[in-house]
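Hello,

Here is the structure I promised to send over. Have a look at it first, then read my notes below.

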Amino acid sequence: MTFTPVSSVHVSLDFGDGPQRVGRLAIRQQKIYFEYDRAFIASGLEISPQRLPLQPGLRSFDTALFEGLAGVFNDSIPDGWGRLLFDRAMRAQGVRPGQISPLDRLAHVGKGGMGALTYEPEIGPEPAGGVIDLDRLAAQAQDVLEGQADDVLAELIALSGSSAGASPKALIGYNSATGAIVHGRAVLPEGFAPWLVKFSHAQDGADAGAIECVYALMAKAAGVEMTETQLFPAKKGAGYFATRRFDRDGASRLHAHTASGILHADHRTPTLDYQDLLALSMIITRDIRETEKMFRLAVFNVLAHNRDDHAKNFTFLMNARGEWRLSPAYDLTFSGGPGGEQSTMVLGEGTSPGAPHLSKLGADAKLPKTTVRDIIAQTLEALAGWRSLAKAHGVRADNVKRIEARMAKTA
């Protein structure tokens with residue numbers, strides 16, 4: 001993979017039936033500009049209604065946030081693991097991260113990113129094919145985290161797509177009938193569906209995948225919408241957690257936009273409140289049912305002690321007709337949060353939010369009292385299954401006890 005700096009990038013939207021030109025990004029003297037294509041303005045499709053409405057003329061944004069990109073394009077850029085891989089590969093060519101512009105990173109994403117936005121020119125690695133071994137990939141990912149194995153960077157980059165988050169992960173194709181797993185960025189063979197699989201950091205513990213798997217099962221029991229999930233077997237540890245991608249449906253794609261990108265909220269700095277997210281759900285989707293889905297997710301995160309509920313862990317999806325909805329939930333697992341607090345507060349409470357705060361949150365959102373009460377009760381009932389589910393999935397005994405104690409404090 002050779003690095004070639006770019007000064008402009010064409011943005012398109014591809015729902016699976018061919019790209020539609022959205023506009024053009026250009027960088028001049030380290031400042032990024034964007035302009036919509038006139039034909040796209042006529043289409044009426046709002047890819048980012050809050051911060052990048054359909055209007056003619058050049059637009060630019062504060063360079064202090066998202067390195068000068070609009071949030072909708074920043075959503076396409078990998079962070080955490082994906083950024084580490086790309087920067088490591090560039091350093092091997094003598095290119096420092098400071099020499100890489102956001103447009104270079106978008107060109108690297110090309111057509112293989114999450115969601116429906118695509119970028120040209122495409123300078124990323126060619127999509128690979130063939131069967132993959134998860135144990136081998138996990139070992140290679142750990143070598144990279146330890147500062148080794150530069151020779152496998154190209155394969156890991158090709159598998160990471162524009163996925164976000166600190167944990168190593170790979171885009172795969174999975175055949176549930178045969179159990180076969182193939183590279184997921186290429187066109188998938190018949191019978192394979194697009195999935196994402198995670199590998200643990202060494203500090204996460206060997207049962208991190210099992211914990212996330214149990215949280216997914218509890219979330220589904222609590223009525224939280226999720227895609228299919230799976231705990232793939234591993235030679236070491238309890239297994240690799242995987243989930244079916246919600247931005248793909250066969251050959252079709254959906255436009256994905258995080259709350260961070262919509263609101264221009266830095267996910268590294270806790271600034272959001274669930275009150276903001278419930279209001280945003282209604283503004284974006286214009287559907288009280290989607291607001292209720294966000295409330296249900298808020299209840300689960302708080303009561304299950306998932307405190308890594310930052311602004312990039314909430315996504316909205318848009319189809320080709322311009323209709324928005326909240327995406328299925330993802331990244332649900334036990335976590336301590338920044339400074340031990342909830343990343344997204346509940347009516348200003350971040351240290352010890354609980355059921356009383358959630359009840360008031362639902363009431364302030366004008367949700368029926370019976371709905372609020374039933375959601376909280378259903379969630380508590382689902383979380384009561386933690387101990388038995390955790391033991392059945394190989395979670396370590398000390399983690400079973402520790403997480404059970406933390407969840408009890410939020411009830």
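P121 sits in the loop between β5 (117–120) and α5 (134–145). The peptide bond joining E120 and P121 is cis, with omega at about 5°. Keep in mind that this is a predicted model.

Two residues have a positive phi without being glycine. R286 is one of them, at about 55°. R286 is placed in the loop between α9 (274–285) and α10 (288–303). Its relative accessible area is 73%, so R286 is exposed. K366 also has a positive phi, near 65°, and is not a glycine. K366 belongs to the loop between α11 and α12. The relative accessible area of K366 is 67%, so K366 counts as exposed too.

**The chain as a whole**

The chain has 14 helices and 15 strands. Along the principal axes, the C-alpha atoms fill a box of roughly 55 × 50 × 40 Å.

Of the 411 residues, 55% are buried. The chain exposes about 17,600 Å², and carbon and sulfur atoms supply 50% of that area. Now take the contacts between residues at least 6 apart in sequence: 66% of them join residues at least 24 apart.

On charge, the chain carries 44 positive and 46 negative charges.

**Aromatic pairs**

How many aromatic pairs are there? The count comes to 11, with ring centres required to lie within 6.5 Å.

Take W195 and F232. Their ring centres are 6.4 Å apart and their planes meet at 50°, so this pair is tilted. W195 is in strand β8 (residues 193–198) and F232 is in strand β9 (residues 229–232), so the pair ties together parts that are 37 residues apart in sequence. Are W195 and F232 buried or exposed? Both are buried.

Next come F199 and Y240. This aromatic pair is edge-to-face, at 5.3 Å centre to centre and 75° between the planes. F199 lies in the loop between β8 and α7 (208–221), while Y240 lies in strand β10 (residues 240–244), so the pair ties together parts that are 41 residues apart in sequence. F199 and Y240 are both buried.

There is also a cluster. Ring pairs link F34, Y36, F40 and F73.

**Two more residues to look at**

S335 is in the loop between β15 (324–326) and α11 (355–364). Is S335 buried or exposed? Its relative accessible area is 13%, which is under the 20% cut-off, so S335 is buried. Which residues does S335 touch, leaving aside neighbours within four places in sequence? S335 is in contact with H305, N306, R307 and D308.

K369 is in helix α12 (residues 369–383). With a relative accessibility of 72%, against a cut-off of over 50%, K369 counts as exposed. K369 and E381 are 12 residues apart in sequence. Their C-alpha atoms are 18 Å apart in space.

Best wishes

Technical notes
Residues are numbered from 1 along each chain as its sequence is written. This is a predicted model: local features need pLDDT of at least 70, side-chain atom pairs count only at pLDDT 80 or more; totals for chains, interfaces and linings use all residues. Side-chain values use heavy atoms; hydrogens and water are left out. Helices (H or I, at least four residues) and strands (E, at least two) are DSSP runs, numbered from the N terminus. Buried means under 20% relative accessible area, exposed over 50%, partly exposed in between (1.4 Å probe, protein chains only). Contact means heavy atoms within 4.5 Å. Accessible areas come from the Shrake-Rupley method with a 1.4 Å probe; for residues, only the protein chains shown count as cover. Lys and Arg count as positive and Asp and Glu as negative; His and the chain ends are not counted. The place of a charge is taken as NZ of Lys, CZ of Arg, CG of Asp or CD of Glu. Rings of Phe, Tyr and Trp (its six-membered ring) pair if their centres lie within 6.5 Å; planes under 30 degrees apart count as stacked, over 60 as edge-to-face and the rest as tilted.
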